[in-house]
Amino acid sequence: MNRRNIIIISVLCLLAVPSLYFGLKKVQEYKKTVQISVTDLQENNDNQQIEEEEKSIEKAVNNDNAEVVENQEKEIAAPKVPEKVIEEKRVEPKKTNPPAEEETKVEAGKIVDKLISWGFTKSSGRTIDTVIVHSSYDALGDDPYSVSGIIAEYKQYNVSAHYLIARDGTAYRLVTDQNIAWHAGVSKVPDGRTNVNDFSIGIEMINTKDGKYTDDQYSALNSLIATLKKKYKIKYILGHNEIAPDRKTDPWGIDWNKVNR
Ligand SMILES: [Zn+2]
């Protein structure tokens, strides 16, 4: 190499070093900007993702809230049932009030079926033209006016009546009209016919031997008599003592002036 070539190469090298330096620097800067932009993008993506996540979380939370609200609404709705129950309970006294009133103020002659299985002969198509009134009380229990006690006594003696009028005026039907209840025993009506059970209806009134009948009992008896008069051609309405005077004294203390016979 000659001297001139050496100088040229040296100059080129001297020129190359800074250009390389600046070139590298520029490349690095570019890289940095690219990185920054990439990170920006990533950050943006991240932010978007975060935003989306936040949104989805919000949605989820909202859904949860909605569910909670629904549940709360359900919970709110749920107590409505008890409210209804309460309403029904509140209504119940209204429902039970009329019967309670009926217990104290029984519709005269209200017939309640309490059919028994003893003390009568089954029959159909018999002619009914007589009503026999009796009285009885429970001599065995604590309460002489006990309906169930009196019926238990009938069972014990294997007797019955078609109707039993309680102190409150309720008329319990123990035997249907067409069946022959065993209430009269050996007996005779004014026209001479015997076996009065065969053509009569027996009505028992709850009363003790020295007691008085209640107004409700008289009302019930008259109502029942009116009903029977509509159904059958009634010839006689008599007390047990009137068809078996030698044996019977009931109906004890009855005031026939209060009876529509
Ligand atoms: Zn009698």
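Predicted model: local features only at pLDDT ≥ 70, side-chain atom pairs only at ≥ 80, totals over all residues.

Trainee: Okay, which residues in helix 3 are buried?

Mentor: Asp216, Gln217, Tyr218, Ala220, Leu221, Leu224 and Ile225.

Trainee: And what do the buried residues of helix 3 pack against?

Mentor: Strands: strand 3 (130-136), strand 4 (163-165), strand 5 (171-173), strand 7 (200-206) and strand 8 (236-239).

Trainee: What's the strand order in the open sheet?

Mentor: The order is 1-5-4-7-3-8, six strands with mixed pairing. Strand 1 (111-113) and strand 8 sit at the edges, each pairing on one side only. On average, neighbours in this sheet are turned by 25° against each other, ignoring direction.

Trainee: How does helix 3 run relative to strand 7?

Mentor: Helix 3 packs on the sheet, and its direction makes about 170° with that of strand 7.

Trainee: In what sense do strand 4 and strand 7 pair?

Mentor: Parallel, over three bridges. Isoleucine 165, for instance, has methionine 205 in strand 7 as its bridge partner.

Trainee: Switching to the whole chain, how many helices and strands are there?

Mentor: Four helices and eight strands, running α-β-β-β-α-β-β-β-β-α-β-α from the N terminus.

Trainee: And what share of the residues is buried?

Mentor: 23% of the 261. As for contacts with a separation of 6 or more, 71% join residues 24 or more positions apart.

Methods
Residues numbered from 1 in each chain as written. Helix = DSSP H or I, 4+ residues; strand = E, 2+ residues; numbered from the N terminus. Buried ≥ 20, exposed ≤ 12 C-beta atoms within 10 Å, placed from the backbone. Contact = placed C-beta atoms within 7 Å. Pairing = 2+ DSSP bridges. Axes fitted to C-alpha atoms, helices over the stretch in contact; angles between N-to-C directions.
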